[in-house]
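Subject: Handover of a structure and findings

Dear colleague,

Please find the structure below, together with its sequence. My findings on helix packing and on several individual residues follow it.

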Amino acid sequence: MEVVNLPKQPCAIVSYLRVGRLLYYSLFLFILESWVYWKFLKASFQKDNLWIQGFWIWCFLFSFVHIFLVLMDGWSRYQNYKRAKDQFFEYGFRKRIAANYMISKCQREAALVAASELGIEHKVNNYYKQHGVKWFHYVPYFMVKDPLFLFRKAFWSRTFLERSYTPKFNFKDIQPKLTS
């Protein structure tokens with residue numbers, strides 16, 4: 001791809017936080033929720049009602065496990081971001097590339113952050129709008145189409161266990177060469 005004006009490239013941690021911005025907001029809420037449930041759980045042990053104890057154990061475990069799921073999802077979305085950035089840089093905007101990341105809000109966010117760092121965010125955003133993607137589409141499309149998604153290997157591997165991706169390009173090195 002012939003890139004004439006590559007925008008200033010942020011450091012990796014800034015990109016990581018931008019990609020998982022929504023996830024890290026929910027991470028904070030799950031940590032807070034776990035702390036609250038832990039307090040209720042400790043208080044329930046003062047009583048002999050096993051139903052109440054069981055309820056608070058279930059609530060605490062639900063929110064506590066989500067802390068790790070959110071962290072794994074954030075890491076997976078960062079892998080999507082690195083791959084999308086390489087693909088957009090190498091081939092330019094391609095509908096096929098953008099379509100690969102349309103499946104969920106988090107994956108779209110990864111593609112949009114990658115595209116914004118290459119100066120083509122408007123093209124990717126327009127593509128998603130043309131395909132009926134709205135800002136409030138938070139629930140991944142596959143969850144609506146397949147209610148048994150939790151039992152699919154593809155869900156677990158694409159959501160939480162995305163393989164590590166090593167970028168092909170060092171954009172910090174490329175940027176000075178393109179501007180000079």
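In which sense, left-handed or right-handed, does α3 pass α5? The crossing of α3 past α5 is right-handed. Please note that this is a predicted model.

Helix α3 spans residues 50-91 and helix α5 spans residues 105-118; their axes come within 8 Å and cross at roughly 40°. The two helices are therefore oblique to each other. On the α3 side, the contact is made by Asp73, Arg77, Asn80, Tyr81, Ala84, Lys85, Phe88 and Phe89, and on the α5 side by Cys106, Gln107, Ala110, Ala111, Val113, Ala114, Ala115, Glu117 and Leu118. Sorted by class, the contact of α3 with α5 holds eleven nonpolar, two polar and four charged residues.

Helix α5 also packs with helix α6 (residues 121-130), at an angle of about 150° and with the axes 7 Å apart. Angles over 145 degrees count as roughly antiparallel, so α5 is roughly antiparallel to α6. Here Arg108, Ala111, Leu112, Ala115 and Ser116 of α5 meet Glu121, Val124, Asn125 and Tyr128 of α6. This contact of α5 with α6 comprises five nonpolar, two polar and two charged residues.

A further partner of α5 is α1: the axes of α1 and α5 come within 9 Å and cross at roughly 140°. That angle makes α1 oblique to α5. Ser15, Arg18 and Val19 of α1 form the contact with Glu109, Ala110, Val113 and Glu117 of α5. By class, the residues of the contact of α1 with α5 are three nonpolar, one polar and three charged.

Ser15 lies in helix α1, which covers residues 12-19. Residues under 20% relative accessible area count as buried; Ser15, at 1% relative accessibility, is therefore buried. Its side chain is joined to that of Tyr81 by a polar contact of 3.1 Å. Apart from neighbours within four places in sequence, Ser15 is in contact with Pro10, Tyr78, Tyr81, Val113 and Glu117.

Val113 belongs to helix α5 and also counts as buried, at 7% relative accessibility. Leaving out residues up to four places away in sequence, Val113 touches Ser15, Arg18, Val19 and Tyr81. Val113 and Phe160 are 47 residues apart in sequence, and their C-alpha atoms are 19 Å apart in space.

Gln79 is placed in helix α3. With a relative accessibility of 1%, Gln79 counts as buried. Not counting residues up to four places away in sequence, Gln79 touches Glu162, Arg163, Ser164 and Tyr165.

Tyr37 is found in helix α2, residues 21-44. With residues up to four places away in sequence set aside, Tyr37 touches Trp56, Cys59, Phe60 and Ser63. Between the C-alpha atoms of Tyr37 and Lys145 the separation is 33 Å, and the two residues are 108 residues apart along the chain.

Yours sincerely

Notes
Residues are numbered from 1 along each chain as its sequence is written. This is a predicted model: local features need pLDDT of at least 70, side-chain atom pairs count only at pLDDT 80 or more; totals for chains, interfaces and linings use all residues. Side-chain values use heavy atoms; hydrogens and water are left out. Helices (H or I, at least four residues) and strands (E, at least two) are DSSP runs, numbered from the N terminus. Contact means heavy atoms within 4.5 Å. Axes are lines fitted to C-alpha atoms, for helices over the stretch in contact, and angles run from 0 to 180 degrees between N-to-C directions. Angles under 35 degrees count as roughly parallel, over 145 as roughly antiparallel, 65 to 115 as roughly perpendicular and the rest as oblique. A crossing is left-handed if the near helix is turned anticlockwise from the far one by less than a right angle, and right-handed if clockwise. Ala, Val, Leu, Ile, Met, Phe, Trp, Tyr, Cys and Pro count as nonpolar, Asp, Glu, Lys and Arg as charged, and the others, Gly among them, as polar. Buried means under 20% relative accessible area, exposed over 50%, partly exposed in between (1.4 Å probe, protein chains only). A polar contact is a pair of N or O atoms within 3.5 Å; within protein, one must be able to donate a hydrogen and the other to accept it, and residues adjacent in sequence count only if both atoms are side-chain atoms.
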